[in-house]
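Have the structure open and follow along.

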Amino acid sequence: MTMTSTDAAMEEDKAVALLERTRDAVDPQLRAAVETLPGAIRRVAMYHFGWLDADGTPAAGRAGKAIRPALVLAAARAVGGDPDAAMRAAVAVELAHNFTLLHDDVIDEDTTRRHRPTAWAVFGVPDAVITGDAMFSLALRLLTDDPHPASPHAAGRLSTCVIELCAGQQADCGLEDRGPDDVTLDECLAMAMAKTGALLGCACALGALYGGADGRAVRAMDGFGREAGLAFQLIDDLIGIWGDTARTGKPVGADLTAHKKSLPVVAALTSGTPAAAELAALYRGAMNTPGEVRSAADAVERAGGRDWAQAAAADRMARAVHHLSRAVPDPAAAGDLLALAEFVTRRTY
């Protein structure tokens, strides 16, 4: 069935409302957990989440969109469980996600996140890295201290997921050191699945575990999150090239300036077109002027990278829905998960 613009708007409104409710429910417990961290680490973490300014004064920032904790709670609800019982898992997943953000900003040398300087740019690389490490340890402690019967399995699953995620990050760094003609689309897809899809899959799997689902449903829920996560990454890569600075908080074409081999870029580079050769030549140079960045974005588009990424995101969403139908046969019960998946893959840029 084709979704009309009215249907899409209604699904987006539903997802936004769901994310707002999740943020309202999760933030107090997330903040309470962060406040247990030691002083200097706590200050960096509180700054990262938007609760403190750089000088330590209180701030009214929001700690992100809450997509991953929303997936945890929605998955628990979808399999017939009590989402409130999965709250610690939701907080743990959000902590793990933000651990990766702190480290990613250091690795990528990004100086802006959520429209203000990144933690490492304010406090230095050592403090940002150490705070990220502490956040992941805190996430595991929340799960291991949870009396819920699913908590041991959940802690093990989150640990395994983060190992996969780290392998994906390492692969991503390795790709950056290789020439523009020496990267395949398949290895980039595998890297993105590990780096982004794994954590969204884990969020859905943890929700299913806490909801009392059997192993088959947990695996299917993990598959749903992974495929939706890859669709999310494809859209994110498009935003990294053509995103609106007012929405993203980052300069236009930031990924191109950084010579990132994102999925649309690699699809373009491997297209065998004249535009692919133009793009490869740009990637071998400095590409730090606005004109060069515009030329690179134009080459990606002419080489088919933009169209490929949009089509691939739709395909991955179709795969995600197939997995979800195996975990939750009743479409009504899966409504929140579907709304969230549609929301993250229909973002505008």
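Which residues of α7 are buried? Keep in mind that this is a predicted model. The buried set runs Ser151, Ala154, Ala155, Leu158, Cys161, Val162, Leu165, Gly168, Gln169, Asp172 and Leu175. An α-helix has 3.6 residues a turn, so residues three or four places apart point the same way. As for what does the covering, α4, α6 and α8 are among the elements over the buried residues of α7. The helix itself covers residues 151-176, and its 26 residues reach 37 Å from first C-alpha to last, close to the 38 Å expected at 1.5 Å a residue.

Leu158 from that list turns up again in the core. The largest nonpolar core has 121 residues, and Leu95 and Leu158 are the ones with the most contacts inside it. The biggest contribution comes from α8, with 17 residues. In soluble globular proteins, nonpolar side chains tend to be buried together. Now zoom in on Leu95: leaving aside neighbours within four places in sequence, Leu95 touches Leu30, Val34, Phe49, Met135, Leu138, Ala139 and Leu142.

Phe49 leads us on to the rings. There are three aromatic pairs in the whole structure. In one of them, Phe49 and Trp51 are stacked, 4.9 Å centre to centre with 20° between the planes. Both partners are buried: Phe49 has a relative accessible area of 0%, and Trp51 comes in at 4%. Another stacked pair is Phe99 with Phe136, at 5.4 Å centre to centre and 25° between the planes. Phe99 belongs to α4 (residues 87-108) and Phe136 to α6 (residues 125-144), so this pair ties together parts that are 37 residues apart in sequence. Phe99 and Phe136 are buried too.

Arg116 lies over the face of Tyr47, 3.9 Å from the ring centre. Over at Trp242, the charged end of Arg306 sits above the ring, 4.3 Å from its centre.

Arg306 brings us to α15, where Arg306 is one of the buried residues, along with others including Gly305, Ala309, Met317, His323 and Leu324. Which elements lie over them? The cover includes α8, α9, α12, α14 and α16.

Technical notes: Residues numbered from 1 in each chain as written. Predicted model: local features only at pLDDT ≥ 70, side-chain atom pairs only at ≥ 80, totals over all residues. Heavy atoms only, no water. Buried < 20%, exposed > 50% of the residue type's maximum accessible area, 1.4 Å probe, protein only. Helix = DSSP H or I, 4+ residues; strand = E, 2+ residues; numbered from the N terminus. Contact = heavy atoms within 4.5 Å. Core = buried A, V, L, I, M, F, W, Y, C linked by side-chain atoms within 4.5 Å. Phe/Tyr/Trp six-rings, centres within 6.5 Å; stacked < 30°, edge-to-face > 60°. Lys NZ or Arg CZ within 6 Å of the ring centre and 35° of its normal. Expected span 1.5 Å × (residues − 1).
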